[in-house]
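Reader: I have the sequence and the coordinates open beside me, and I would like to go through some parts of them with you. Could you take my questions one at a time?

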Amino acid sequence: MKQTGLSRRGFLGTTAALGALGLTPGWTTAAFAQTGGTLRLRIDGDNDVLDPGFMTGGTEIEAQKQCLPFLAQYARDGETFTWEPSYFVTKLEQRDATHIDFELAEGLVWSNGYGPVLASDVKFSYERMKDSDWSGYFEALDHVEVTGDRTGTIVLGKPFAPFIMITLCHGPGAVLSEKAMADVGDRFTTQFPAVCGPYTYEATPGQRAVFTANPEWTGPKPAFDRVECNVITEVKAAELAFEAGELDCTEVGADTLARYTKNMPDGTAIAVAGELQYMWMGMNTEHPKLQDIRVRKAIQHAVDVDTILQGAYSGTTAKSHGIICPGLTGQRDSAGYGYDPAKARDLLAEAGVSGLQLTLRTLNNQERMLAAQIIQANLMQVGITVKVLPLDSGPFWEMGQESKGDTWQDLELWLMRFGTTPDPYEATQWFTSDQVGVWNWERWTDEEYDRLYEEGINETDPQKRHDIYVRMQEIMENTGAYVWINHEPEAFVHSTEIGVNAAPSGELNYRRFTKA
Amino acid sequence: MSENPSESETGEPAVDASGLPDHVTDADIRESAARERREKLRMFLTNWQGVTGLILVTLFFASAIFAPWLAPYDPNALDVPARLSGPTWDHLAGTDQLGRDTLSRILYGGRVALKIAAIGVSVALVVGLILGMIAGFGPRWLDNLLLLAFDTVRSFPTIVLALAMVALTGPSLGMVLAIVIITSIPQYARVARTATLTLKNTDFILAERSLGASMARILLHHVMPNVVGPLLILAAMDVPVVVTVEAGLSFLGLGVLPPTASWGTILNEGYLVIRDAPWMVIAGGIPLILTTLGFTFLGEALRDIFDPRMGKGR
């Protein structure tokens, strides 16, 4: 009788053959095709508050876009962004400067048996936002008129040109179910009370958020049945996961972007969402050491921004001349000062300052630590000793806020980056007089600036708006409290098997991803 | 019955030199001590690990002390156009993201490591020795109190304690030093205490007491010389731990402040560009490995030779 047992030789041979098979590139491609129904992405942290009124933003907005109705969505036209009505409406029209008519699509239902999506849900959601953390986006809104089950009109209190683009396309424009919200006590955090969209949401804290196809969804099917968002805090780790084939798309840092641009690996592509980040070095105009405007101007002249762009950002970012980002109305093409250490020394001598010691606070991440060290070396050359203080994001984002402690009094220099939306008004709102001690950490006030801020919102003529925003940035620069640094792109590296869809401010919209 | 279970575990020390038999003369003793010293030196020199350790440790001290003369560049001088250069004749270990010479930064980073190791370990050793002897020799209640304090500190994981303290005070070299000292005192103190306990009731100490010597005199002149040997060996073994704690904290951005170079910050910066410039991690890791190996080899060789209990087992 012939034995069919396992011999040592047989075992070794089989293992070797299986190993060789595993290494064959064709085999791995086949395996990839089988898991094509799942899109594997990275999120940088857990989604803590999914409620559009009280969220932090970022990936929480990404989750809302999958699970809640929006009246409008971003449309990309080459390098510029515009808006278009979303699938959830059959009509979205601006009747006049203060009235926007909408009609919801038929057959939209909330999950968990909360019935159809109604115009009254829109009214509830938007009017609720006026008392939320994101009320700034709804300042222009007066009320929402309900004219039928699925029809209504958004009424603005004053003309506000960017309302659809800034508010309705972005996270705060999400619509909630009024009934479901009443059942959960008007607030929710990590679980949507009712969803209406292509995906349902489930999250395991610290591991991943998973979006699975919503069985009650009747609209257009998204390209992927399932989206897995793995929580990977560090950008570097996410890049390695992408290179190992564990992710289909992830955000990349400056030096990796430079490496990929120079030498793109096969099957990989780069997608740039927008350059809606503005970074600067701020100075506290009220601090005794920096009260003299000549000292601040000296610092403006002493920092070599071009070296920062090369040394810390590998030349992948655009030089900044203000807070208005590239491609937006009001972007400046040059700053009113340049790198000139001799002039900086003269200004310091004129101010009678010598042996100045300052503290530069920054977030503890790679690019900013490098930028901080370049600034440290630059200022050393004009006789200012800088101590770089790296901070974690918690204390960093609280340090200038009067409501969060007393650090704002000791603030001297800091590296700051804000993100914005594709309209210039959004970036200017953080520097008005009533923002002093909230987000205006430089702590200056200017009546002309406050007046221009109101004018800019109400103005509809593009050229006049441009002039207003350019002037506002000049006012900021003339306080001497700003050294403009750069506009970082939101860049994503992805497999060529998929097409990426990202908002200009960098949030991904998973349901609009495509399969190649 | 013994007062403390550890007393019987530790056994009698082989250092009791009082009460010589009549037929042994002073000259014999001197002769025998000299022979023993020669014997131990010979044992050390024939131990390859010990010699390697000694060479590495000497290199570590020399490179750190003479860094300003050895380093080809200023460790903080920026040269952005030459950033991320590979190893060349100009930059033997390449450059980092800001074009700073990695070799110079490694040499200066050694000074940080040396400073932390030398100050941290010696302060911890002295304080630990004193507290340990007091605990072992003093009254029972004091012993219990100190033991409670030692065990409390030891129960904190070092890195977690460091994270919490840095979150409260902000990162600095002084903070790293304080953390190293606080967390290493208990282990020296515990060893010193046990050794003191075994000496406490020996004849020569009792004799000293009956002559009316003060506690300070007994501890300083009679207990300490008998206790300090094993502690020094322990300290040598502890240096690499301290060096890696400093590197670890600096790696996490909780140690030295920029632009100061430390092996930890070099490793961290290298890790961030590992796909673009892998040699930076290698260059930053080598001194850390060599120092750790050096002190461990040296410490183990010394222990093998000088610890009488180890000797019997050979």
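Reader: Which elements of chain A do the buried residues of helix 17 pack against?

Author: The model is a predicted one, and in it the buried residues of helix 17 of chain A include A:Ile468, A:Met472 and A:Ile475. An α-helix has 3.6 residues a turn, so residues three or four places apart point the same way. The elements that the buried residues of helix 17 of chain A pack against are helix 9 (293–302), helix 15 (424–428), helix 16 (447–458) and strand 18 (482–487).

Reader: How far apart are the end C-alpha atoms of helix 17 of chain A, and what span should its 17 residues have?

Author: Helix 17 of chain A runs over residues 462–478, and at 1.5 Å a residue its 17 residues should span 24 Å.

Reader: Which residue with a positive phi follows helix 17 of chain A?

Author: The phi of this residue is near 75 degrees. The residue that follows helix 17 of chain A with this positive phi is A:Gly480.

Reader: Is A:Ser125 buried or exposed?

Author: A:Ser125 has its place in helix 4 of chain A, which covers residues 119–129. Leaving aside neighbours within four places in sequence, A:Ser125 is in contact with A:Ala174, A:Val175 and A:Leu176. Its relative accessible area is 2%, and because buried means under 20%, A:Ser125 counts as buried.

Reader: What is the radius of gyration of chain A?

Author: The secondary structure of chain A comes to 17 helices and 21 strands. For its 516 residues the globule rule gives 24 Å, and the value for chain A is close to this, so the chain is as compact as a globular protein of that length, with a radius of gyration of 26 Å.

Reader: How much of chain A counts as buried?

Author: Among the contacts in chain A with a separation of 6 or more, 69% are accounted for by residues 24 or more positions apart. The accessible surface of the chain comes to about 21,800 Å². Of the 516 residues of chain A, the part that counts as buried is 55%.

Reader: Where in chain B is B:Phe66 found?

Author: B:Phe66 belongs to a nonpolar surface patch with B:Phe61, B:Ile65, B:Trp69 and B:Leu70, and together these residues have about 560 Å² of accessible area. Helix 3 (48–65) and helix 4 (67–70) of chain B each supply at least two residues of the patch. B:Phe66 is partly exposed, with a relative accessible area of 43%, and is found in the loop between helix 3 and helix 4 of chain B.

Note on methods. Residues are numbered from 1 along each chain as its sequence is written. Chains are lettered from A and ligands numbered from 1 in the order in which they are written. This is a predicted model: local features need pLDDT of at least 70, side-chain atom pairs count only at pLDDT 80 or more; totals for chains, interfaces and linings use all residues. Side-chain values use heavy atoms; hydrogens and water are left out. Helices (H or I, at least four residues) and strands (E, at least two) are DSSP runs, numbered from the N terminus. The expected span of a helix is 1.5 Å times one less than its number of residues. Buried means under 20% relative accessible area, exposed over 50%, partly exposed in between (1.4 Å probe, protein chains only). Contact means heavy atoms within 4.5 Å. Patches are made of residues with over 30% relative accessible area and no salt bridge: like charges are joined within 9 Å, nonpolar side chains (Val, Leu, Ile, Met, Phe, Trp, Tyr) within 5 Å. Accessible areas come from the Shrake-Rupley method with a 1.4 Å probe; for residues, only the protein chains shown count as cover. A salt bridge is a side-chain nitrogen of Lys or Arg within 4 Å of a carboxyl oxygen of Asp or Glu. The radius of gyration is taken over C-alpha atoms; the globule rule is 2.2 Å times the number of residues to the power 0.38.
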